[in-house]
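Please consult the sequence and the structure shown below while reading.

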Amino acid sequence: MLQIRRDKLKKLQEAGNDPFKIEKYDVSAYSADIKENINSMQGQQVSIAGRIMSKRGHGKTTFMDVQDGKGRIQSYVKVDGLGEAEYDVFKTYDIGDIVGVEGEVFITQKGEISVKASKVTLLSKSLQILPEKFHGLKDPDLRYRQRYVDLIVNPEVKEKFLTRSKAVKAVREFLDERGFLEVDTPILNTIAGGASARPFITHHNTLDIDMYLRIANELYLKRLIVGGFDKVYEMGRMFRNEGMSIKHNPEYTAIELYQAYADYEEMMNITENIVAYMAQKSVGSTKITYQGKEIDLTPPWNRMSMKEAVKKYTGIDFDDIKTDEEAYEIADKKGLDLRAGLTKGHILSEIFEEFCEEHLVQPTFITHHPVEISPLAKRNPDDPTITNRFEAFVNTWEIANAFSELNDPIDQRGRFMDQLKQRELGDDEAQMLDEDFINAIEVGLPPTGGLGIGIDRVMMLLTDSSSIRDVILFPTMKPIISEDK
């Protein structure tokens, strides 16, 4: 069948009808526009273009479905309309071919809105075979690898990415209306900073140095706050050389924003409102259903400190635990096997992740993280062992992280040094020392609130997608080395 298609192409080329020499086709209407405005468009001459998705022949008459950028529409092709010679050529066209159709909009006796063709032009010959109608392209692995085919044969997939586009546009609308400036910061870094994560390493040939793909853009955005931009944001790709799962892709889209003279409480207000705005603009409601669960994104969201969450869901009161050794004993009783060198704060976080996150289905802010796991966050004035930080959880997932930014350069250097100790103890996700960033906040960083939101996880919720790969057009896939592997 593949050879037959190539033979057809060769015949067309030999006859001087090479479709690949066509550079342009004037499209005057799209399928959805014709259908939505049928009363005014009936009887009009139009030119449409798209892919042949089906053909049904009846002697000297053929019905075909043409799929364009906005949907599908039927075309009625008759020998009387095209002429004998052109109709014979048209009959050789295959499902998957891309054609232009000129003709009159009309409604068939069965009530089908159609275009009666007076001319059909082959614009591109498909040399592959689309999955057949009833079984389609169902294998998830193949769908992600051949997203171009997935988009053609599974219309609901295209809808997800149209929803994504609306939601991303809504983020920019929300922030632009509030006076935030969109900026660009480096993706190639000499230091992987701004988050606790393992970076990808690459090499710059001219400079002959290893560089890192950014794991976050936080430290650059805070430099801009130092420089006098009071409200900045950047939305783009981040890269983390970590595990892959239904919630994790090595490259993903995040937005980080920073506002001078604001705190983590203001970041909570922005978080719940921006996510609700994304939902309203992209799916029309702040109440969604995810995998059968009703989730209400309407502000205000629940708020709970990390200690309160651990006490509520495990019965452990960390205010009663005075030493690291006591915390290790508690963790051991709960069945956690933790590495040496952790503090009470680290262990509080480990217990929260293991036993509390699973309960956070409705939107919830978890606040006041231990200082040990928050190297860039400002300490709480009333309790210097915790920070004014929060993570936002929906459907048990973390979708956002924010805090009152640490602007004390002496404290910041000490936090970085603690991170270096953690790296020496084997934590390859601990942060690196960034001397230039410390210099920047020594120049003077005003009180600042900062926020990061994982766009892909929010999109999973808004499109009811079970895997992050369903909301990334081209997710990272293990390459197919050979047919037997």
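At what angle do helix α9 and helix α15 pack, and how far apart are their axes?

## A pair of packed helices

Helix α9 (residues 218-227) and helix α15 (residues 435-444) pack at an angle of about 25 degrees, and their axes are 9 Å apart. Axes here are lines fitted to C-alpha atoms, for helices over the stretch in contact, with angles that run from 0 to 180 degrees between N-to-C directions. The angle makes α9 roughly parallel to α15 (under 35 degrees counts as roughly parallel, over 145 as roughly antiparallel, 65 to 115 as roughly perpendicular and the rest as oblique).

The crossing of α9 past α15 is left-handed, a term used if the near helix is turned anticlockwise from the far one by less than a right angle, with right-handed used if clockwise.

## The model and the chain as a whole

The model is predicted: local features need pLDDT of at least 70, side-chain atom pairs count only at pLDDT 80 or more, and totals for chains, interfaces and linings use all residues. Residues are numbered from 1 along each chain as its sequence is written, and side-chain values use heavy atoms, with hydrogens and water left out.

The chain contains 16 helices and 20 strands; these are DSSP runs numbered from the N terminus (helices H or I, at least four residues; strands E, at least two). The C-alpha trace spans about 90 × 50 × 50 Å along its principal axes. Of the 485 residues in the chain, 48% are buried (buried means under 20% relative accessible area, exposed over 50%, partly exposed in between, with a 1.4 Å probe and protein chains only).

## A closed barrel

Five strands form a closed barrel in the order β1-β2-β3-β5-β4, with mixed pairing. From one strand to the next, the twist averages 55 degrees. Two strands are said to pair if DSSP finds at least two bridges between them.

Asp68 has Gly71 in β3 as its bridge partner, and Gln67 stands opposite Arg72 in β3. Strand β3 also pairs with strand β5 (residues 113-124), in the parallel sense over 3 bridges; Ser75 stands opposite Val115 in β5.

## Aromatic rings

Rings of Phe, Tyr and Trp (its six-membered ring) pair if their centres lie within 6.5 Å; planes under 30 degrees apart count as stacked, over 60 as edge-to-face and the rest as tilted. By this rule there are 10 aromatic pairs. The ring centres of Phe90 and Tyr93 are 5.8 Å apart and the planes stand at 80 degrees, so this pair is edge-to-face. Phe90 is buried, with a relative accessible area of 1%, and Tyr93 is buried, with a relative accessible area of 8%. Phe365 and Phe390 are also edge-to-face, because their ring centres are 4.9 Å apart and their planes are at 75 degrees. This second pair links distant parts of the chain, with Phe365 in strand β15 (residues 364-367) and Phe390 in strand β18 (residues 389-394), 25 residues apart. Both Phe365 and Phe390 are buried.

Ring pairs also join Phe63, Tyr76 and Phe106 into a cluster. Lys116 lies over the face of Phe106, at 4.9 Å from the ring centre. Likewise, Arg178 lies over the face of Phe174, at 3.6 Å from the ring centre. A charge sits over a ring if NZ of Lys or CZ of Arg is within 6 Å of the ring centre and within 35 degrees of the ring normal.

## Backbone details in loops

Which peptide bond is cis, with omega near 0 degrees? It is the bond from Pro299 to Pro300. Pro300 is found in the loop between β13 (293-296) and β14 (302-305).

Asp208 is not a glycine, yet it has a positive phi of about 55 degrees. Asp208 belongs to the loop between β8 (201-204) and β9 (209-213). Is Asp208 buried or exposed? Asp208 is exposed, with a relative accessible area of 55%. His368, also not a glycine, has a positive phi of about 60 degrees. His368 lies in the loop between β15 and β16 (379-380), and counts as buried at 18% relative accessibility.
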